[in-house]
Amino acid sequence: MSNYTVEYTTVETTDAVKLHTRLFKPTQDEIKDNLVIVLVHPYTILGGCQALLKGIAVGLAGKGYRAVTFDMRGAGRSTGRASITGFAEIKDVVAVCKWVSDHLDSDRILIVGSSAGAPIAGSAVDEIKEVVGYVSLGYPFGMMASILFGRHHKAILRSPKPKLFVMGTRDGFTSVKQLHSKLSSAAGRVETHLIEGAGHFQMEGPAYDTQMANLIVTFIASL
């Protein structure tokens with residue numbers, strides 16, 4: 001028997017987009033904390049959707065944390081259209097976090113962004129007072145990716161909230177040197193965790209889900 005349940009709901013944004021949302025919930029007596037983790041999926045235009053984050057969400061629920069995944073605008077069963085630069089999607093992250101604080105009685109949210117979801121999530125961090133920290137899984141800081149997502153960098157680098165950046169040492173979008181160079185100017189507490197030999201898309205795969213959930217839980221313990 002699984003030690004979690006999944007609840008489905010629809011969250012509406014300020015510009016009337018309807019987001020298909022899932023809450024992965026441990027059994028009542030196993031909920032550790034009122035902190036809720038909101039997971040932001042990779043680039044919709046390349047096929048990103050919440051299903052890619054299911055393994056991590058299940059892992060987090062198994063460790064006693066409520067985790068929320070959702071399809072951003074234009075992904076899966078959500079309405080609206082995806083934007084190229086991910087700026088419209090900031091509203092999606094804000095709407096889901098607002099739903100979490102209103103409906104799940106939580107005043108502590110951790111935002112986790114995967115791949116292109118990391119810059120989008122990073123831009124939302126300081127727009128939501130309940131957010132207490134941020135985890136990036138494979139933030140695309142490199143030159144090519146910065147053409148699309150460069151305007152997001154400033155928001156997360158300036159945020160005083162604690163941050164963890166997880167990246168494979170063979171990430172094709174960002175080199176380890178680029179990562180360290182970007183983070184050298186970041187405000188607040190910044191941690192990095194490098195996964196030896198892992199490529200960008202490889203790290204998004206199910207083989208790494210348990211490791212990602214463990215890293216997130218360890219980070220939560222430090223908040």
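This is a predicted model: local features need pLDDT of at least 70, side-chain atom pairs count only at pLDDT 80 or more; totals for chains, interfaces and linings use all residues.
1. Leaving aside residues up to four places away in sequence, Val 68 touches Thr 21, Arg 22, Leu 23, Val 36, Ile 37, Val 38, Leu 39, Val 96, Trp 99, Val 100 and Leu 104.

2. Val 68 belongs to the largest nonpolar core, which has 37 residues. Together with Ile 111, Val 68 touches the most other members of that core. Helix α2 (residues 89–103) supplies the largest share of the core, seven residues. A second core of 29 residues is separate and includes Leu 39, Ala 57, Ala 67 and Val 217. Leu 39, a member of that second core, is also among the residues that Val 68 touches.

3. The strands around this site pair as follows. Strand β4 (residues 66–70) runs antiparallel to strand β2 (residues 18–26), and four bridges join the two. Within this pair, Phe 70 of β4 stands opposite Thr 21. In general, strands of a sheet pair through backbone hydrogen bonds, in either the parallel or the antiparallel sense.

4. Both strands belong to an open sheet of eight strands, ordered β1-β2-β4-β3-β5-β6-β7-β8. The pairing in this sheet is mixed. At its edges are β1 (4–12) and β8 (190–199), each of which pairs on one side only. On average, neighbouring strands are turned by 20° against each other, direction ignored.

5. Helix α1 lies across β1, β2, β3 (36–40), β4 and β6 (131–137). Relative to β2, helix α1 runs at about 35°. Ala 57, which falls in the α1 range, is one of the residues of the second core.

Methods
Residues are numbered from 1 along each chain as its sequence is written. Side-chain values use heavy atoms; hydrogens and water are left out. Two strands pair if DSSP finds at least two bridges between them. Axes are lines fitted to C-alpha atoms, for helices over the stretch in contact, and angles run from 0 to 180 degrees between N-to-C directions. Contact means heavy atoms within 4.5 Å. A nonpolar core is a set of buried Ala, Val, Leu, Ile, Met, Phe, Trp, Tyr and Cys residues joined through side-chain atoms within 4.5 Å. Buried means under 20% relative accessible area, exposed over 50%, partly exposed in between (1.4 Å probe, protein chains only).
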